[in-house]
Structures are given as C-alpha cells and as structure tokens.
Amino acid sequence: MYATETARGRIRAWTALPSPGGAWFAFATVLAVMVPLWLLTVLVTEVSEHVERCSHGMIGPGGEFRVEGTVFPYDDTCVYPDGTELSAIGALAYVWWFFQTVLLLLLIGAFALEFAHLRRPGSRRRFGVLTAVSGALVVVAYALTSPPVLSCRPSETAARTAFPPQTTCSGPLGTRDLVPGWLPALITVLLPAFAASATGTAWRRRAGRGRS
C-alpha cells in the first residue's frame, strides 16, 4: 500500500504543471539580459561609424546604397541595389533575435500556465494585475505612434493606419514609414495578451460570484 501511494505521489509530481511564477521569473531574467545586450548594439553601431564606411566604399561593393535603421536591436544596415546587406552589429543581430524569440515563447508559456492554474487561489488577483499592465502597455505603445509624436514634414502627405499602427509620409523624395517595425509587432503581441488576461479576470469574477 505504501509503495502504491509513493508511486502515485511521484506520478503526480512528474505530471504537475510548473508554477506560473517560475515562467515569469525566467521571462524577467531574459528581459534583464536583453537590456545590456541592447546597450551593446547601440555602442557597436555608434562606434563603428558603419554608414560612413559604407559611403566611402571601405566595406561593401561600393556605389549607391540606402540605410535601413532599427531600434531593437539598434542597428544600421547598408542595402545595395545588388541585394548586398551589411549590418553594423553583425552576428549580434542573431543573438538578439534568439533572445527575443525566447522572450516571446516565455511570455506565451507564462500566460498558458496562468490559464492552467485559473482555478487556484490568487489567480483572480494575478489576472487583474496582468490585465492592468498589458492594457497600460497597449495605451503607451499606441501613444508613441500618435500624430503629436510622429508627424510628417509640411511638404509631405500623411497616411495613417490604426492596425497595425503606421504613419506613411509621401512627398517629393518618395515615401517613408515613421513607425519603427518593432512597435507594431509589440502591439500585435500585447493585444492578445490583454484580451487573454481580461478574459481570465472576467471568468474568475463570474466563478467567484457563482460560489457566493
């Protein structure tokens, strides 16, 4: 009998879902690692004078090129008509995208575990916090794409889209997008997170009323 109970206990331990707290801790750890990594991309890009070297033909095939800049990671890429692309940060870009992919998977996993533990005590408070935080981040992200923050030149015509948020300026020199690509991607992740946490909060409140 004792052996049977012990075996059952071990099976429960092996099949038990991990705590959401562990997933959030891992998420925070990876995010903390990405902060100095981003600062390193800023340092490498600024010190290397990458665009200057491209313009003087010190690197690349030479000739005309355009510059594509990103904020996360901080990088300048020289793009030539023949398809050659030279990044200022080189292999650091792959390191950044690796950590960003891990961060996104941890975020999805943390939310999945929160829903798996939805019936446990304390989940109502946790989902309330998640709803408030994700909702506030959505508002801030959309505020960064608003006309007072991003505006075209007087000689340009502005075209705006709400989702994904983008402001495109059209003028004599061509068209340009003011909203960096990472911001719409962030909003695309935050909106489902807000919807999921709000759904969890509403379900917990309804379940609590049903028991009372």
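A residue is counted as buried when its relative accessible area is under 20%, as exposed when over 50%, and as partly exposed in between (1.4 Å probe, protein chains only). By this criterion, 28% of the 212 residues in the protein are buried. The structure is a predicted model, in which local features need pLDDT of at least 70 and side-chain atom pairs count only at pLDDT 80 or more, whereas totals for chains, interfaces and linings use all residues. Residues are numbered from 1 along each chain as its sequence is written, and side-chain values use heavy atoms, with hydrogens and water left out.

The protein contains six helices and six strands, taken as DSSP runs (helices H or I, at least four residues; strands E, at least two) and numbered from the N terminus. Their order along the sequence is α-α-α-β-β-β-α-α-β-β-β-α. Among contacts (heavy atoms within 4.5 Å) with a separation of 6 or more, 55% are between residues 24 or more positions apart.

Strand β2 (residues 75-79) pairs with both β1 and β3, where pairing requires at least two DSSP bridges between the strands. With β1 (residues 66-70) the sense is antiparallel, over five bridges, and Glu-68 has Thr-77 of β2 as its bridge partner. The hairpin from β1 to β2 passes through four residues. With β3 (residues 85-87) the sense is also antiparallel, over three bridges, and Cys-78 stands opposite Leu-86 of β3. Five residues lie between β2 and β3 in this second hairpin, and Gly-83 in the turn has a positive phi of about 95°. Four of the five residues of β2 are buried.

A pocket is defined on a 1 Å grid over the protein atoms alone, as an open set of points where a 1.4 Å probe fits, with protein on both sides within 12 Å along at least five of seven lines; lining residues have an atom within 4 Å of a point. The largest pocket has a volume of about 1,000 Å³, this being the space filled by probe spheres set on the points. Its lining comprises 32 residues, with Phe-27, Leu-31, Leu-103, Leu-186 and Leu-190 nearest the centre. Two or more lining residues come from each of α2 (20-48), α4 (92-116), α5 (123-144) and α6 (182-211). The lining of the largest pocket has 28 nonpolar and four polar residues, and no charged residues. In this classification Ala, Val, Leu, Ile, Met, Phe, Trp, Tyr, Cys and Pro are nonpolar, Asp, Glu, Lys and Arg are charged, and the others, Gly among them, are polar.
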